[in-house]
Amino acid sequence: MAEATEIRKLVYLVTGGCGFLGEHVVRMLLQREPRLSELRVFDLHLGPWLEELKTGPVRVTAIQGDVTQAHEVAAAVAGAHVVIHTAGLVDVFGRASPETIYEVNVQGTKNVIEACVQTGTRFLVYTSSMEVVGPNIKGHPFYRGNEDTPYEAVHKHPYPCSKAQAEQLVLEANGREVHGGLPLVTCALRPTGIYGEGHQIMRDFYHQGLRLGGRLFRAIPASVEHGRVYVGNVAWMHVLVARELQRQAALLGGQVYFCYDESPYKSYEDFNMEFLGPCGLRLVETRLLVPYWLLMLLAALNALLQWLLRPLLLYAPLLNPYTLAVANTTFTVSTDKARRHFGYEPLFSWEDSRSRTIRWVRAVEGSAP
Ligand SMILES: NC(=O)c1ccc[n+]([C@@H]2O[C@H](COP(=O)([O-])OP(=O)(O)OC[C@H]3O[C@@H](n4cnc5c(N)ncnc54)[C@H](O)[C@@H]3O)[C@@H](O)[C@H]2O)c1
Ligand SMILES: C[C@@H](CO)CCC[C@@H](C)[C@H]1CC[C@H]2[C@@H]3[C@H](O)C=C4C[C@@H](O)CC[C@]4(C)[C@H]3CC[C@]12C
């Protein structure tokens with residue numbers, strides 16, 4: 001027991017620690033980072049579940065704060081050894097304005113970097129996204145690519161643009177001198193589409209299927225492959241890279257890593273059916289009924305309605321020209337960079353990831369949409 005407390009000396013800060021991914025990172029750190037003495041969880045909206053974590057050997061400090069406010073970020077970062085910056089505005093549906101998306105994702109990241117520099121925090125892990133690479137606006141497929149695969153990364157949408165800018169800031173900050181004279185060490189993780197317990201879009205599809213009498217209608221050809229990764233494995237990658245960044249700064253500093261695991265390559269809808277199928281939904285083939293041009297028309301109509309209705313109400317359906325383009329473009333990753341650089345192996349097999357997600361969807365069943 002004395003030994004366990006002796007080695008507990010590190011302070012970690014997780015921004016966005018109450019989000020879908022952030023909560024898994026927080027729980028994973030508590031389970032798998034034995035050197036942790038204090039875990040600071042910083043979020044705009046704190047979850048009530050944090051209370052139950054406060055009884056363990058690690059001091060869990062909940063900090064309600066806004067990454068766009070530099071002084072709040074600096075206060076939270078001061079004295080932390082490691083920052084895992086997952087906070088972000090994930091919006092491809094037009095719920096938030098482009099200005100707000102940039103404010104949170106870009107200015108918020110600048111504030112985190114400056115706070116590290118000012119306060120002397122040396123290790124920063126940034127949750128980036130596959131979207132910094134693609135799919136691009138031209139709809140070019142990225143088929144089983146890795147971190148070095150050439151790809152024309154051209155974006156227009158505020159979300160991928162903001163993630164790309166923020167990632168660049170984080171990587172450029174690698175090597176900057178922090179308070180005390182030592183260099184900052186940074187890296188970025190790029191998850192593909194994350195799934196698992198707490199995934200809001202999966203919950204939306206499930207409720208939509210229930211409303212449609214247990215059916216979902218195929219809109220995207222089964223041949224379009226989508227990269228997906230289980231949230232527990234993404235969280236594990238964050239914990240591991242944060243640990244190894246401290247041990248192997250020269251190798252890991254300034255690097256990007258796709259997040260990957262053994263989840264199969266499938267279309268977005270077929271992949272969702274791996275979980276929704278066992279929960280009673282079925283995917284109805286409608287290729288002949290809904291041709292792609294009609295989907296594009298519906299997506300454009302949704303965008304027009306969103307614009308027209310904006311003064312009155314927020315109309316933000318799942319289908320818009322951007323989400324249709326992403327869903328309809330192959331983007332899959334095949335890499336072992338994280339294994340080579342910091343020994344990453346997925347903690348959860350595909351079978352585990354699948355059954356955990358199914359269990360969660362079943363629990364969602366009775367809950368309101
Ligand atoms: N969900 C995915 O498929 C996916 C894929 C790749 C990358 N990502 C990235 O992972 C990160 C987490 O995404 P998520 O899916 O868990 O989203 P999420 O919305 O569930 O979590 C984001 C968290 O950030 C917090 N947050 C937002 N604005 C904030 C602010 N101004 N100050 C402080 N906290 C703020 C939110 O309250 C939320 O708890 C994001 O950076 C996102 O870009 C997500
Ligand atoms: C055409 C519809 C018929 O069923 C299906 C629309 C699905 C879309 C809403 C989603 C398809 C692909 C998703 C994105 C992808 O998984 C990766 C992402 C990266 C991450 O950083 C943020 C979320 C997202 C953009 C994700 C959003 C939802 C999709 C576009």
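Is R144 buried, exposed or partly exposed? R144 is partly exposed, with a relative accessible area of 31%. Here buried means under 20% relative accessible area, exposed means over 50%, and partly exposed lies in between (1.4 Å probe, protein chains only). The structure is a predicted model, in which local features need pLDDT of at least 70 and side-chain atom pairs count only at pLDDT 80 or more, while totals for chains, interfaces and linings use all residues. Residues are numbered from 1 along each chain as its sequence is written, chains are lettered from A and ligands numbered from 1 in the order in which they are written, and side-chain values use heavy atoms, with hydrogens and water left out.

R144 sits in strand β6. Its phi is positive, about 50 degrees, although R144 is not a glycine. P135 belongs to the loop between β5 (123-127) and β6 (142-145). Most residues other than glycine have a negative phi, and most peptide bonds are trans. Strands (E, at least two residues) and helices (H or I, at least four) are DSSP runs, numbered from the N terminus.

Two strands were examined for burial and pairing. Strand β2 (residues 36-43) has seven of its eight residues buried, so it is largely enclosed by the rest of the structure. Strand β1 (residues 10-15) runs parallel to β2, and six bridges join them. Strands pair if DSSP finds at least two bridges between them. V14 has V41 in β2 as its bridge partner. Strand β11 (residues 255-259) is likewise largely enclosed, because four of its five residues are buried. Its parallel pairing with β7 (residues 185-191) extends over five bridges. Within β11, V256 stands opposite A188.

Ligand 1 is surrounded by 25 residues, the closest being L21, D43, D66, Y159 and K163. A residue counts as near if one of its heavy atoms lies within 4 Å of the molecule. Polar contacts are pairs of N or O atoms within 3.5 Å; within protein, one must be able to donate a hydrogen and the other to accept it, and residues adjacent in sequence count only if both atoms are side-chain atoms. The side chain of D43 places an N or O atom 2.6 Å from an oxygen atom of ligand 1. For the side chain of D66, the corresponding distance to a nitrogen atom of ligand 1 is 2.8 Å. G19 contributes a backbone N or O atom, 3.1 Å from an oxygen atom of the ligand.

Around ligand 2 there are 18 residues, of which S129, E131, Y159, G193 and E269 come nearest. A polar side-chain atom of Y159 lies 2.6 Å from an oxygen atom of ligand 2. For S129, a polar side-chain atom is 2.7 Å from an oxygen atom of the ligand. The side chain of E269 has an N or O atom 2.8 Å from an oxygen atom of ligand 2.

The second largest pocket holds about 260 Å³ of space. Its lining comprises 19 residues, with F93, G94, H157, Q306 and N320 closest to the centre. Helices α4 (98-119), α10 (292-309) and α11 (321-327) each give two or more residues to this lining. The largest share, four residues, comes from α10. By class, twelve lining residues are nonpolar, six are polar and one is charged.

Note on methods: 1 Å grid on protein atoms, 1.4 Å probe; cavity = no way out; pocket = protein on both sides within 12 Å on 5 of 7 lines; lining within 4 Å. Points joined across faces, edges and corners; volume = space filled by probe spheres on them. Nonpolar A, V, L, I, M, F, W, Y, C, P; charged D, E, K, R; others polar.
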